[in-house]
Amino acid sequence: MRLLFVEDDPRIAEPTVEAMREAGYAVTWAQTGPEGLEAALLGDFPLIVLDVMLPGLDGFELARELRAGGIEAAILFLTARGELDDRVQGLDLGGDAYLVKPFAVPELLATLRALSRRERGQAAPQVTFAGGRGALDTVSRTVAWDGREVAVTGREYALLEVLSLAPERWFAREELLDRVWGPEFGGEARIVDVYVRYVRRKLAPEAITSERGRGYRVEK
């Protein structure tokens, strides 16, 4: 799938573009708002990834111009501005998803896969786990427990998605660290344990099963 990526910081853009291309996307990289607008209007991109803080034309203004110009591509915002008002503004302008920097590349790719399914008109399956008590919507990236939506962070969602897409399989801490935080993460592997506790606290202790020497899993 063709993808337009508009990001002015090469330190972020270059490894991200490489990862997206390795995942099979045909990526066009623009470094300013005006360059992104021109590329989007001339090209045919089902997916557009926009940084918000862009020179010349910020991501919100660019999204407004794209929608006014009849561009119906799915738009994913990337930004260090994570306040609720900013997220609401981006979605109100026609954005489809929002990731806050610093983001993990696996989380970005999972979001792109969900948006790609929607662009192809495929119904996103609702992934269930823990005997049906837990459910994930892979497009809206929301989590429900016992039929009630539960607010989770992007990283918590990514952890649950990895586990729930392979129920009954044990994941070692190091594998979850690589899949959710990415191989470039330089922190301690124990961060996985911390986020498992976060998820259990929000859902229920039985949402994620653990066993010494085997790691973590979710039940079907």
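Two strands pair if DSSP finds at least two bridges between them, and the helices (H or I, at least four residues) and strands (E, at least two) are DSSP runs, numbered from the N terminus. The structure shown here is a predicted model, in which local features need pLDDT of at least 70 and side-chain atom pairs count only at pLDDT 80 or more, while totals for chains, interfaces and linings use all residues. Residues are numbered from 1 along each chain as its sequence is written, and side-chain values use heavy atoms, leaving out hydrogens and water.

**View 1. Strand 1 and strand 2 run in parallel.**
Start with strand 1, residues 2-6, and find its partner, strand 2, residues 26-30. Five bridges link the two strands in the parallel sense. For a landmark, look for Phe-5, which faces Trp-29 of strand 2. Right-handed here means that, with the strands pointing away from the viewer, the path from the first strand over the helix to the second runs clockwise.

**View 2. Asp-51 sits in strand 3.**
Strand 3 covers residues 47-51, and Asp-51 belongs to it. Is Asp-51 buried or exposed? Asp-51 counts as buried because its relative accessibility is 3%; the cut-offs are under 20% relative accessible area for buried and over 50% for exposed, with partly exposed in between (1.4 Å probe, protein chains only). Which residues does Asp-51 touch, not counting those up to four places away in sequence? They are Val-6, Glu-7, Asp-8, Gly-59, Leu-78, Thr-79 and Lys-101, where contact means heavy atoms within 4.5 Å. An unreviewed UniProt entry annotates Asp-51 as "modified residue: 4-aspartylphosphate". UniProt positions are given in the numbering used here, with shortened feature names, and such annotations may be inferred rather than shown by experiment.

**View 3. Strand 4 is covered on both faces.**
How many of the six residues of strand 4 (residues 74-79) are buried? Six of the six are. On one side you will find Ala-74, Leu-76 and Leu-78, and on the other Ile-75, Phe-77 and Thr-79. Strand 4 pairs with strand 3 in the parallel sense over five bridges, and Ile-75 of strand 4 is the bridge partner of Ile-48. To get from strand 3 to strand 4, the chain passes through helix 3 (residues 59-68) in a right-handed β-α-β crossover. Strand 4 also pairs with strand 5 (residues 97-100), again in the parallel sense, over four bridges. Here Leu-78 stands opposite Leu-99 of strand 5.

**View 4. Salt bridges in the model number twelve.**
A salt bridge is counted when a side-chain nitrogen of Lys or Arg lies within 4 Å of a carboxyl oxygen of Asp or Glu. One of them joins Asp-9 and Arg-11, whose closest N and O atoms are 3.1 Å apart. With 18% relative accessibility, Asp-9 counts as buried, whereas Arg-11, at 71%, counts as exposed. Another joins Arg-169 and Glu-175, with 2.6 Å between the closest N and O atoms. Both are partly exposed: Arg-169 at 34% relative accessibility, and Glu-175 with a relative accessible area of 23%. Look too for Arg-214 and Glu-211, where the closest N and O atoms are 3.6 Å apart. Arg-214 is partly exposed at 43% relative accessibility, and so is Glu-211 at 36%. Finally, salt bridges with shared partners link Arg-133, Asp-146 and Glu-206 into one network.
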